[in-house]
Amino acid sequence: MTNVWAVALKELRQIRRDRRTLLILLFIPGFFLFLYGYALNFDIRHVPLAVQDRDQSPESRALAASFVQSTYFDLVAAVTTDAEAVALMDRDDIRALLVVPEDFSRRLKRGEAAEVQVILNGDNANTATTVMGYVNAILADASVRLGPTSSQALVGAAPRIWYNPELRSTLFLVPGLIAYIATITAVVSTALSIVREKELGTMEQVRMAPISTTAFVLGKTLPYLILSQASAMIVIVAAMLLFGLPMRGDWFSLSVVVALFLVGALGTGLLVSTMSDTQQIALQTALLIAFLPTFMLSGFIFPIASMPAPLQYITAIVPARYFLIALRGVVLKGLDLGALWQPLLALVAFAVAVLGLSAVRLARR
Amino acid sequence: MRGRIATLMWKEFLELRQTPRLLALILVAPLLQLTLLGYAATTDVKHVPVVVVDGDRTARSRQLIERFRASPHFEVVAEESAPGGVDRYLETGRAWLAVIVPPGLEAALERGEPANRREVQILADGTDANSSGVALAYASGLIGEFNAGIAAERGGRAPAIDGRVRVWFNPQLESKDFMVPGVLALLLLVITANLSSMAIVRERELGTLEQLNVTPLGRWELILGKLLPYALVGFIDVVLVVALAVYWFEVPFRGDLFTLLVGGIAYLLCTLGLGLFVSTVSSTQQQAMMTATFFFLVPMVYLSGFIFPIENMPRMIQWLTTLIPLRYFLVIVRGVFLKGVGFEVLWPQFAALTTWGVVVLGLAAMRSRKRA
């Protein structure tokens, strides 16, 4: 036990002395919190729209107005020629164009189908698909309101949103952020701190010292476990104060969830360190096997249900996926550990697997 | 002079070759990122799990639920008999959306009863705000179509407004067409900036920079000899990614290669200059890596419009993004690939990249003289 303490103390000193790394460890959570709190969101609103109104009737203006009133679109230009519209689209000044033909109101009044054209800039397919959904909803709605059937009894939709009624993306990105930060502090720092000893040749000294492998590993990882746990909690508290993140569950469940994920992350860091001889390779490997999957395959930003089937299977071995379910469950839904046994079990299984694997690799040397 | 640079470049290549694992990473990383970004990076919402409660059990209500079943955006995973039954689906995440049809809907529709009697309730799990928002828009679109259907039955007419939505530049709305060209810009940044940031620091850390300083190499010779190998590595990655994008991912390439290559050179000025700059402000490789990755690369990736649209950001941050070279190169790459536009549209981006590159290279060169 004293050996573990001695190694941990040495590691803490090294962390404190390396100002830049310490700064990075502090800078990252702050930067991302700021980013996800203020800068990044997929809430697609204010899509710049141009209208080419060849009809100029009260009906055509009402149609254009229903686009603006939806708050999804901002009317930025009224164009008269196709060439004007093309130029605006090429320069990205507009991302949507509504073309109302000359006979729009006449056909509406006669009860015929009045055709309108909506052109979308599809270069960002993700946004465009969403915008297309909005367009169809607006047109279907306007069709009923402006058409001859406007006074009919039809089905109304009463949407209600649980857990996050304003659909603020911050509330769901912040839990993802914690997974991200934990990956950086736990996986990357652990891997680098062990590989550094190898690269600088001080590993030999450690090996000659009367310290068991277990004590060495524990001493190396404990400081990062504590640091990561602390920074995760700080991020949650900061998000509660700054962005109104609710904390609906209890803190004990939260700490357990975070700790289980961190043990797995430290195990991954250990595994990376057994595979690398230089810090350069350790960083690249960590980015590749821990950072990228956490970002891409955890459901953090991109919904897993929309991925092709083979990739969906791969996400099953990404621990961040289960961490996010558990974390969002505790923070936003107020669930307790019992209701989350499935993702928690997966986290435990992952931690045991990586720790076992790196123990085998460490023992072989 | 040319001979000296060539020697230095050769030495740099030899060093790269001695770390085969790094070489493998340089080749594997692009492939992995392409696959992930090409296939996984879609924020579109498909197969949203839905639980339905049909309290009405009439032909009308079944018609409505059938629309959800038929839509590619939704997947009806369960049917419950009472509204209270949906709670546990939303809690555990087994369903993201619950559609609850009230009893007596068909009758209310026929008799024209007050609006609150013919309301279909849609409950959404808002924890994934983005997906829920999109799914809700799809759901209200479905109900709108359903209403249009009813109106048509009654009036015997087609829906009043016939919307024809056309999508330019990417008619099939493939997210890979958007992401894969972006990977090109990202990879060049990650590989060239990261590797070049370590090139000079490594010499300093190992103490061999002194030896280089006593050789008759000029400052620019040293910089060129150090940077050109990485420019070459970057170019190999460009060719690899463009070939894969066109032949494997079948991303349309509508512009001309020349514009793209000129843009690539301007962009390499920036990324290599950035790497060199990081090199001059770091004293160990670890510092250089961490500084390059976390102070420059990660913020740039997030704020460049690579994934998160710039137009969604607050005004202040949008100004900040004008400082990011990746942003301009992304516009060039996507413009050339998808829109087929050339210098006449993209000249502001070319100008911005070149200015950025010259400034950062100059800054780095100035600093490296003071340190060396």
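What follows is a chat about domains, strands and a helix pair in this predicted model.

Q: Start with chain A: which domains is it divided into?
A: Domain 1 takes in 2–40 + 167–364, and domain 2 covers 47–146.

Q: And what separates the centres of domain 1 and domain 2 of chain A?
A: Taken over C-alpha atoms, the centres of these two domains of chain A are 47 Å apart.

Q: What does the domain assignment give for chain B?
A: Chain B has domain 1 at 2–41 + 173–371 and domain 2 at 48–155. The centres of domain 1 and domain 2 of chain B are separated by 49 Å, again over C-alpha atoms.

Q: Back to chain A. How many residues of strand 3 are buried?
A: 5 of its 5 residues are buried, and strand 3 of chain A is mostly covered. Ala96(A), Leu98(A) and Val100(A) point one way from the strand, while Leu97(A) and Val99(A) point the other way.

Q: Which sense does strand 1 of chain A pair in with strand 3, parallel or antiparallel?
A: Parallel: strand 1 (residues 47–53) of chain A and strand 3 of chain A are paired over 5 bridges. Within that strand 3, Val99(A) is the bridge partner of Gln52(A).

Q: How many bridges join strand 3 to strand 4 in chain A?
A: There are 4 bridges between strand 3 (residues 96–100) and strand 4 of chain A, and these two run antiparallel. Val118(A) in strand 4 of chain A has Leu98(A) opposite.

Q: Is strand 4 of chain A enclosed or exposed?
A: Largely enclosed by the rest of the structure, because 6 of the 8 residues of strand 4 of chain A are buried.

Q: What about Gln117(A), where is that?
A: Gln117(A) sits in strand 4 (residues 114–121) of chain A. Gln117(A) has 15 C-beta neighbours inside 10 Å, so it counts as partly exposed. Its C-alpha atom is 52 Å from that of Leu337(A), which is 220 residues apart along the chain.

Q: Changing topic: at what angle do helix 10 and helix 13 of chain A cross?
A: Roughly 170°, with the axes of helix 10 (residues 251–275) and helix 13 (residues 319–331) of chain A coming within 10 Å. Helix 10 and helix 13 of chain A are therefore roughly antiparallel to each other.

Q: Which residues meet there?
A: From helix 10 of chain A, Ser253(A), Leu254(A), Val257(A), Phe261(A) and Gly264(A). They meet residues of helix 13 of chain A including Phe323(A), Ala326(A) and Leu327(A).

Q: How many charged residues has that contact?
A: The contact of helix 10 with helix 13 of chain A has no charged residues, with 9 nonpolar and 2 polar.

Technical notes:
Residues numbered from 1 in each chain as written. Chains lettered and ligands numbered in written order. Predicted model: local features only at pLDDT ≥ 70, side-chain atom pairs only at ≥ 80, totals over all residues. Axes fitted to C-alpha atoms, helices over the stretch in contact; angles between N-to-C directions. Parallel < 35°, antiparallel > 145°, perpendicular 65-115°, else oblique. Contact = placed C-beta atoms within 7 Å. Nonpolar A, V, L, I, M, F, W, Y, C, P; charged D, E, K, R; others polar. Domains from an automatic or database assignment. Buried ≥ 20, exposed ≤ 12 C-beta atoms within 10 Å, placed from the backbone. Pairing = 2+ DSSP bridges.
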